[in-house]
Each structure stands twice: as C-alpha cells, then as structure tokens.
Amino acid sequence: MNSQTQTQNSRLPGQGKPLIRALTGQAQTIPPMWLMRQAGRYLPEYRTLRQQAGGFLDLVYNPTFAAEVTIQPIRRFGMDAAILFSDILVIPQALGQHLEFREGDGPRLNPIRSAAEMAPLSFANFEKTLSPIYETIRTVRSQLDREGFADTALIGFAGAPWTIACYMVDGGGSRDFAETKKWAYGDPDGFGRLIDLITEATAAYLIQQIDHGAEAVQLFDSWAGACDEGLFRRYCIQPAKTIVNLIRASHPDVPIIGFPRQAGRLALDYVQGTGVNAIGIDQMIPTRWAAQSLQPLACVQGNLDPVCLLTGGDAMRENVQSILDNLAGGPFVFNLGHGIIKETPPDHVAQLVAMVREYSTGKA
C-alpha cells in the first residue's frame, strides 16, 4: 500500500474531529481549542515524570514517557487536540549536530557558522534517531482512543527552517541571533544551503509523523520576528512553501498550521505565500485585523497572551471574550500567542477552558 493510500485510509476518519474541521476552513459553533506547551512544566504530574526520566532528552526519546506527557493535559482539561511532546531541536541532532540541555541554561549546540562547517551534517542516522518519536505518535493515537478521547486530534510539529537555523548557527537561544543574520546577509548562498538541508529534513520528519498517526502538523517559526522583510520572505516564507508542497504531495488532506511568531502584518504574506491551512498569531496581532485580512484565507489560531493566562481573573476573562468576539464567527482555533509559562497555575488553564466552552453556549 502506498503512502497516499495509507493516508486516505487513516486520515479521513479524523476529518470529523472539531479541530480538523476548523483547520480545514469550517467555522465551529464551539471553537476548538488547545494550547502551545500544554504538556509541560506547569503540571505537577509532568514534573513527577520528568524526575523519573532523568534528562530532558531522555524524556523526549522515551515513547512511553513522552506519550504519557502528551496525554496528561487531555485528561485534566479535555482540549480538542493533543500536541506531540517532543522538541524542535531533534532535527539538528538527527542530522548529526551535538545537542545538550543544561539545567537552567536551555539548549546548547556546537555552532555551525559557514558552509564548510556543515560537512558533518548528514541523513545517515536521521530516521534511527527519530524513530522513538514516531513510536510515541503511534502510542498516543492508541491511548487516546482507548481512554475515550476519540474526538481529540493529534498534532505533530517541527521547528521551521529559519528558527532551527538560528539555534544551529548561534549555538542556543539568543536575544537577536546576530550570528545567524550575519551569515544570512553576508553569504546568502552558503546560508541557503543550510536552510535547504533543514527544509528537506523537516518535510521528511513531518511526513513520517503523519504516516505514524499525526492528524495535523504545525510549523513553529518562533524567531521569525528576528527577520527583516527580505529575510522573512526568503527564509521563512519560501522554505515553508516548500515543506507544505512536499507534505501535500503525499498527504493532501492533512491540515498544516504555520506559526510565524512576531511576523506582524507579514502574516498575510505568509498565508498567501505558503498555502498553509491555518495561521497561528501571537498576541501582538490585532484580532479584528486578523478576522478581516487572514480569516478569509485561512483558519486563524490564537492568540491570548500567556501572561494573561498566568494572571487569570478578570483580565483573562475580558481578553478571552474579546478574542472570541472577533474571531469565533469564522474558522478559528483558540490558543495562546505563545507557549504556557511554567509558573501558570493549572486552575487558570481549567478556567480558560471553561470560558471558551461557556462562550460557545452563550453563557460568557
């Protein structure tokens, strides 16, 4: 059975799930919702499991543990989607770049800052390295059905090529990713080869995620806001377009979400240029503008400020209502403008879920 036939047989049942309907352009009476980083450090059950696993990457590459972490927020809050628990930096690691997570210091990679330094990167151990993540996806799909969450969609994800390049070149997190931008400006051909390699790897990775059970996928371009317009068009829009086209060649019915964080009004160019089904927006994008400019072209996903969720109370209720008032009339998925902050009380997440559900039934 070829890949496309497998997709048609396994994906079509998922088309009835609320999240999938919204992502494919159907406005829902009850807007579906999930939250970026909904599986993670703010949950006590996550922290317990993390201690058992040891290091962060030990957790990511343990299918039993990673599947459990993926499902934990679904059991607690009943979101409409589970997002695979993993990390965007598994791609450079799978290509052969050294990666470690230091407690309190985040990820560290051996920097690559020229085309010559790309020589050690290859696909030699790519699939072997990532195979535990595919096993996690299969496990999650099975557990969701077994535990009675048949309407909960499973989202796979990857970092977008620009964002992955930022980590690979700067060697970790940065305030401005100056080393990455210096290479991109000074040697566009050499930097373009790195982007092309990441693009090829990302498309292959997401296709495998879909083959193993992901029902939608999201591209996280977390550092798109570091680009000027020229870099954004060349290194955010064009690679995403290539990835979308490669996925659609074998999986035409699987929705793709793009999240170019801090893109501002260039989000419109991103939607038009990439062909994504849905556009994730951060909290700096006005929801009225998103409804007028983005929603006619794609499902909109977003965009409560994570600090507002952390704060809770009246501020959260007012902001949730405003977002819903402006976006719930069209194809829409409620989410945050970025990931949950680790100090967020779980009770605030429960209250948020209730607010969205109550609004949908006319009670908010």
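This is a dialogue about reading some features of one predicted model.

Reader: Before we start, what should I keep in mind about the model?

Author: It's a predicted model, so local features need pLDDT of at least 70 and side-chain atom pairs count only at pLDDT 80 or more, while totals for chains, interfaces and linings use all residues. Residues are numbered from 1 along each chain as its sequence is written, and side-chain values use heavy atoms, with hydrogens and water left out.

Reader: Which residues does the UniProt annotation "binding site" cover?

Author: A word on such records: UniProt positions are given in the numbering used here, feature names are shortened, and annotations may be inferred rather than shown by experiment. Here the unreviewed entry lists Arg37, Gln38, Ala39, Gly40, Arg41, Asp87, Tyr167, Ser222 and His338. They're spread over 302 residues of sequence and also in space, up to 22.8 Å between C-alpha atoms.

Reader: And which of this set does the lining of the largest pocket take in?

Author: On a 1 Å grid over the protein atoms alone, a pocket is an open set of points with protein on both sides within 12 Å along at least five of seven lines, and lining residues have an atom within 4 Å of a point. From the set, that lining takes in Arg37, Ala39, Gly40, Arg41, Asp87, Tyr167, Ser222 and His338.

Reader: Let's zoom in on Ala39: buried or exposed?

Author: Buried means under 20% relative accessible area, exposed over 50%, and partly exposed in between, with a 1.4 Å probe and protein chains only. Ala39 comes out at 13%, so it counts as buried. You'll find Ala39 in the loop between α2 (18–23) and α3 (44–53); helices (H or I, at least four residues) and strands (E, at least two) are DSSP runs, numbered from the N terminus. Leaving aside neighbours within four places in sequence, Ala39 is in contact (heavy atoms within 4.5 Å) with Val69, Thr70, Pro73 and Phe85.

Reader: Where is Tyr167 placed?

Author: Tyr167 belongs to helix α8 (residues 161–170), and its 12% relative accessibility makes it buried as well. Its contacts, again leaving aside neighbours within four places in sequence, include Ile88, Leu89, Phe177 and Trp223.

Reader: How do α5 and α7 pack?

Author: Two packed helices are described by the angle between their axes and the distance between the axes. Axes are lines fitted to C-alpha atoms, for helices over the stretch in contact, and angles run from 0 to 180 degrees between N-to-C directions. Helix α5 (residues 63–77) meets helix α7 (residues 126–146) at about 40 degrees, with their axes 8 Å apart. They're therefore oblique to each other: angles under 35 degrees count as roughly parallel, over 145 as roughly antiparallel, 65 to 115 as roughly perpendicular and the rest as oblique. Among the residues that meet are Ala66, Thr70 and Ile74 in α5 and Thr136, Thr139 and Val140 in α7.

Reader: Where is the cis peptide bond?

Author: Look at Gly302 and Asn303, which it joins with omega at about -15 degrees. Asn303 lies in strand β8 (residues 299–304).

How values were computed. 1 Å grid on protein atoms, 1.4 Å probe; cavity = no way out; pocket = protein on both sides within 12 Å on 5 of 7 lines; lining within 4 Å.
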